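Good morning. Please have the sequence and the 3D view open, and follow along as I go through a few places in the chain.

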Amino acid sequence: GRALFTDILRQVASQVFIPLTVGGGIRTLEDFDRVLKCGADKVSVNSGAIATPSLIAAAARKYGNQCVVLSMDVKRVDGRFCLFAKGGRENTGIDAMEWAVRAVSDGAGEIVLNSIDTDGVKSGFDLEMLDALAARVNVPIVASGGAGTMEHFAELFTHPGIDAGLAASIFHTKQVDIKDLKQFLRDQGVPMRI
């Protein structure tokens with residue numbers, strides 16, 4: 001329910017004071033407007049942009065490139081990086097790297113790259129896929145999929161061309177504590193605010 005989602009977003013935005021990126025079900029400029037008015041700083045779009053490629057350019061014109069985050073679910077298929085839609089369930093047949101180049105050209109100011117191949121496996125981020133993307137675009141890249149240990153983050157953050165990393169389950173299940181991770185990264189020489 002969208003009404004429930006906007007209520008939750010308003011509550012979260014009133015409690016956290018870090019940049020907030022919101023995605024899921026973003027299909028129109030009105031969706032961008034709705035979540036921005038509820039407190040989001042950036043809007044992440046994936047399937048909506050695949051269905052309506054002009055959405056990225058329209059959103060960038062209206063809200064600025066810094067607001068438009070392209071989220072990509074990518075999997076290797078027959079040796080190619082293929083773009084998936086609908087939460088990684090539907091192979092679009094689109095070359096993911098070409099899609100990223102087009103989206104950045106249209107105004108996407110950041111990319112979240114989720115490797116379906118490593119997501120949930122907890123064996124490390126997909127550096128090969130991330131390198132392929134970094135070689136093609138010149139916007140911040142957020143790595144997603146594969147984090148299982150603090151060492152995986154250290155490997156990612158000392159790897160050139162990647163700007164950020166995200167994880168969910170290892171924090172939710174308390175396999176890794178965020179404060180401990182930040183201290184570990186600082187000890188590894190990664191600039192880190194604690």
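A polar contact here is a pair of N or O atoms within 3.5 Å, where one must be able to donate a hydrogen and the other to accept it. With that in hand, look at E110 and K42, whose side chains are joined by a polar contact of 2.5 Å. Please keep in mind that this is a predicted model.

Let us stay with E110. Is E110 buried or exposed? E110 counts as buried, because its relative accessibility is 11% and the cut-off for buried is under 20%. E110 sits in strand β6, residues 110-115. Setting aside neighbours within four places in sequence, E110 touches K42, V68, V69, L70, V139, P140 and V142.

Next, the interior. In soluble globular proteins, nonpolar side chains tend to be buried together. In this model the largest nonpolar core has 55 residues. Which residues have the most contacts inside that core? They are F32, I56, M72 and L130. Take L130: apart from neighbours within four places in sequence, L130 is in contact with L113, F125, I141, A143, L156 and I162.

A40 is another buried residue, with a relative accessible area of 7%. A40 lies in the loop between α2 (29-37) and β2 (42-45). Leaving out neighbours within four places in sequence, the contacts of A40 are L20, V22 and V35. If you want a distance to check on screen, the C-alpha atoms of A40 and I170 are 24 Å apart, and the two residues are separated by 130 residues along the chain.

Now the surface. I8, V12, V16 and I18 make a nonpolar surface patch of about 320 Å². I8 belongs to helix α1, residues 2-15. With a relative accessible area of 42%, I8 is partly exposed, so it passes the limit of over 30% that a patch residue needs.

On to salt bridges. How many salt bridges are there? The count comes to 10. One of them is in helix α1, where D7 and R10 lie 3 residues apart, about one turn of the helix. Their side chains meet at 3.8 Å, N to O. D7 is partly exposed at 40% relative accessibility, and R10 is partly exposed too, at 45%.

Another salt bridge joins E128 and R76, with the closest N and O atoms 2.9 Å apart. This pair links distant parts of the chain, since E128 is in helix α6 (residues 127-134) and R76 is in strand β3 (residues 68-77), 52 residues away. E128 counts as exposed, at 53%, while R76 is partly exposed, at 28%. Both belong to a network of salt bridges that links K75, R76, D117, D126 and E128.

E90 is partly exposed at 35% relative accessibility. K86 is in the loop between β4 (80-85) and β5 (90-95), and it is partly exposed at 45%.

K86 brings me to the last topic, backbone angles. Most residues other than glycine have a negative phi. K86 has a positive phi, near 55 degrees. Where is K174, a second residue to look at? K174 is in the loop between α8 (169-172) and α9 (178-187). Its phi is near 65 degrees, again a positive value in a residue other than glycine. K174 is exposed, with a relative accessible area of 70%.

How values were computed
Residues are numbered from 1 along each chain as its sequence is written. This is a predicted model: local features need pLDDT of at least 70, side-chain atom pairs count only at pLDDT 80 or more; totals for chains, interfaces and linings use all residues. Side-chain values use heavy atoms; hydrogens and water are left out. Patches are made of residues with over 30% relative accessible area and no salt bridge: like charges are joined within 9 Å, nonpolar side chains (Val, Leu, Ile, Met, Phe, Trp, Tyr) within 5 Å. Accessible areas come from the Shrake-Rupley method with a 1.4 Å probe; for residues, only the protein chains shown count as cover. A salt bridge is a side-chain nitrogen of Lys or Arg within 4 Å of a carboxyl oxygen of Asp or Glu. Helices (H or I, at least four residues) and strands (E, at least two) are DSSP runs, numbered from the N terminus. Buried means under 20% relative accessible area, exposed over 50%, partly exposed in between (1.4 Å probe, protein chains only). Contact means heavy atoms within 4.5 Å. A nonpolar core is a set of buried Ala, Val, Leu, Ile, Met, Phe, Trp, Tyr and Cys residues joined through side-chain atoms within 4.5 Å.
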